[in-house]
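Biologist: I have a model open and want to learn to read it. Please take me through it feature by feature.

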Amino acid sequence: MGAKEKPKLAMYWASSCGGCEISVLNIHEHILTVDEVFDIVFFPCIADFKIKDLKSYPDGHIDVCLFNGAIRNSENEEMAHLLRKKSKILVAYGSCAYEGCIPALSNLTTKDATFDKVYLNNPSIDNPDNVIPQQVTKVAEGELTLPLFYNTVKSLDQVVNVDYYLPGCPPEPPQIWAVLQVIVGALLEGQPLPPAGAIVGAGTTALCEECEREKQEKSIDRFYRPYEVVPDPDECLLEQGLVCLGIATRAGCGALCPSVGIGCRGCYGPPEGVIDQGAKMLSAIASVMNVGDESMEEDELVDKIQEVVDTIADPAGTFYRFSMAHSILRRVKNGKGDS
Amino acid sequence: MSEQFEPVIVGFLCNWCSYRAADLAGTARIKYAPSLRPIRVMCSGRVDPQFVLKAFINGADGVLIAGCHPGECHYLNGNIKTLRRFLLLKNTLSQWGIEDERVQLQWASASEGIILAERVNKMTEEIRALGPLRWYDKVLGGNGAVPIPVKEK
């Protein structure tokens with residue numbers, strides 16, 4: 001090996017779908033450069049690494065760790081702590097690690113309800129003995145254990161310190177490559193790194209800035225679900241009554257979904273300066289409803305507005321589709337006075 | 001707990017009507033529940049839903065938004081926007097398991113000190129009946145920083 005050792009790269013998945021790993025491979029021929037520049041020291045998705053390998057490394061051995069996936073159970077959390085200890089730079093990679101993403105939608109319900117749906121009451125489940133996973137199971141050979149399944153899904157920065165966030169579900173290949181280039185430049189040529197805690201590989205403004213659809217003053221009579229209308233190809237989707245989270249979502253993806261007629265889902269998280277993406281979306285979308293004016297009687301006003309508000313199906317799941325774990329309240333109450 | 005639970009209600013009062021109503025309630029020496037923590041905003045339309053959520057995570061048991069009557073907004077229709085946001089917020093918060101009584105909207109003009117005071121009294125009693133919210137410790141379990149233990153069956 002040469003005088004200078006290669007920087008070490010790790011990638012790990014916690015509670016995730018695996019799409020983030022694919023997105024790294026999706027940077028096309030640049031993946032060869034990644035392989036050339038980095039020593040891959042832990043990447044269970046693409047090569048056979050064991051936790052004992054990771055444990056055997058000295059602290060701070062890994063230069064960059066891309067951590068994707070939310071913290072769903074005690075194993076995820078343990079791995080987050082372990083990788084934090086072994087890594088110089090820890091990146092919350094993708095929406096799950098950054099803000100909970102789809103796994104955190106289960107923060108809209110409880111652990112018991114989740115288990116009930118997954119293992120017991122589900123048309124595609126055949127479980128006559130009502131078996132559900134137990135943390136400890138005794139068998140003839142001894143005790144088997146499973147991680148503790150948390151009631152609340154957490155984002156990575158709610159359990160360990162995170163150096164950078166790379167949003168997206170999954171992050172877009174050009175953005176990933178740009179970020180890797182910055183990191184490589186810093187590690188090999190001493191170029192400056194972005195400030196700690198920065199959101200990298202994304203813009204700062206709202207997605208609408210990148211969206212090429214024609215935008216006029218927004219005034220919405222009612223909302224439609226995607227199957228109810230065929231959207232006009234050039235007009236702003238929100239103006240057509242389709243819920244599009246672009247106005248409350250960080251730019252960076254190039255407005256891919258709106259460009260093909262699907263409202264933005266919000267996977268890049270809130271733009272600069274916004275804490276709670278869902279609340280901001282709610283605020284914006286409500287104020288442009290074209291219903292009710294000062295001349296109406298109060299009861300009529302409330303009824304008319306309620307009618308339009310009710311055309312938004314599942315507001316919590318829509319506005320917080322990706323950001324539930326990172327929202328201000330983080331989860332729902334289990335029930336009256338219950339924790 | 002033998003002591004009676006005293007709810008904390010964060011009030012966002014519009015500068016032009018409701019804050020003056022609260023002022024009037026004070027100068028007229030109207031007695032009402034000491035549960036309201038008033039915050040003056042220029043318009044009830046200035047109340048970002050984030051403010052409501054922040055009040056809850058920081059320990060409020062309820063949030064009262066108060067503004068001018070429809071048609072009397074200093075900024076023409078700020079309060080109509082408030083009403084739209086309020087109704088959508090209520091739909092969303094009901095998915096959170098937050099009871100309707102915890103977020104309320106009251107129109108109160110500058111001369112309606114008594115109406116504001118009565119609403120605070122009523123809301124205080126309603127929330128007292130519901131009990132404390134204590135989102136941070138009770139719902140999140142130490143800010144979600146510690147794993148919430150599996151519930152005993």
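**Reading the strands, the core and the contacts**

Modeller: Begin with a strand pair. Strand E1 (residues 9-14) of chain B and E2(B) pair in the parallel sense over 6 bridges. Two strands pair if DSSP finds at least two bridges between them. Helices (H or I, at least four residues) and strands (E, at least two) are DSSP runs, numbered from the N terminus. Leu13(B) stands opposite Arg40(B) in E2(B).

Biologist: What should I know about the numbering and the model itself?

Modeller: Residues are numbered from 1 along each chain as its sequence is written, and chains are lettered from A and ligands numbered from 1 in the order in which they are written. This is a predicted model: local features need pLDDT of at least 70, side-chain atom pairs count only at pLDDT 80 or more, and totals for chains, interfaces and linings use all residues.

Biologist: Which strands make up the open sheet of chain B, and in what order?

Modeller: Read the order across the sheet. In chain B, 4 strands with parallel pairing run E2-E1-E3-E4. The edges are strand E2 (36-41) and strand E4 (103-107) of chain B, each pairing on one side only. From one strand to the next, the twist averages 20°.

Biologist: Which helices lie across these strands of chain B?

Modeller: For angles, axes are lines fitted to C-alpha atoms, for helices over the stretch in contact, and angles run from 0 to 180 degrees between N-to-C directions. Contact between two residues means that their C-beta atoms, placed from the backbone, lie within 7 Å. H3(B) lies across strand E3 (62-67) and E4 of chain B, at about 160° to E4(B). Helix H4 (residues 113-130) of chain B lies across E1, E2, E3 and E4 of chain B, at about 160° to E3(B).

Biologist: How many strands are in the open sheet of chain A?

Modeller: There are 6, ordered E2-E1-E3-E5-E9-E10, with parallel pairing. Strand E2 (39-42) and strand E10 (198-199) of chain A are the edge strands. Inside this sheet, strand E3 (residues 62-68) and strand E5 (residues 87-93) of chain A pair over 5 bridges, in the parallel sense. Cys65(A) has Leu90(A) as its bridge partner in E5(A). Helix H4 (residues 74-86) of chain A packs on the sheet, touching strand E1 (8-13), E3 and E5 of chain A, and its direction makes about 135° with that of E5(A).

Biologist: Is E5(A) mostly covered or mostly open?

Modeller: Count neighbours. A residue is buried if 20 or more other C-beta atoms lie within 10 Å of its own, exposed if 12 or fewer, and partly exposed in between, with C-beta atoms placed from the backbone. E5(A) is mostly covered, with 5 of its 7 residues buried.

Biologist: Which residues touch the most other members of the largest nonpolar core?

Modeller: In soluble globular proteins, nonpolar side chains tend to be buried together. A nonpolar core is a set of buried Ala, Val, Leu, Ile, Met, Phe, Trp, Tyr and Cys residues joined through C-beta atoms within 7 Å. Here the largest has 137 residues, and Cys65(A), Phe67(A), Val91(A) and Ala92(A) touch the most other members. H3(B) gives the most to this core, with 7 residues. Domain 1 (8-103 + 153-199) and domain 3 (207-326) of chain A both contribute, so the core lies between them. Those domain bounds come from an automatic or database domain assignment.

Biologist: How many residues does each chain bring to the contact between them?

Modeller: Chain B brings 35 residues and chain A brings 39 residues. On the chain B side, H3(B) has the largest share, 11 residues.

Biologist: Where is the cis peptide bond?

Modeller: Look at omega. The bond from Cys169(A) to Pro170(A) is cis, with omega near -10°. Pro170(A) sits in the loop between E9 and helix H7 (173-189) of chain A.

Biologist: Is Asn130(A) buried or exposed?

Modeller: Asn130(A) counts as exposed, because it has 7 C-beta neighbours inside 10 Å. Its phi is positive, about 50°, although Asn130(A) is not a glycine.
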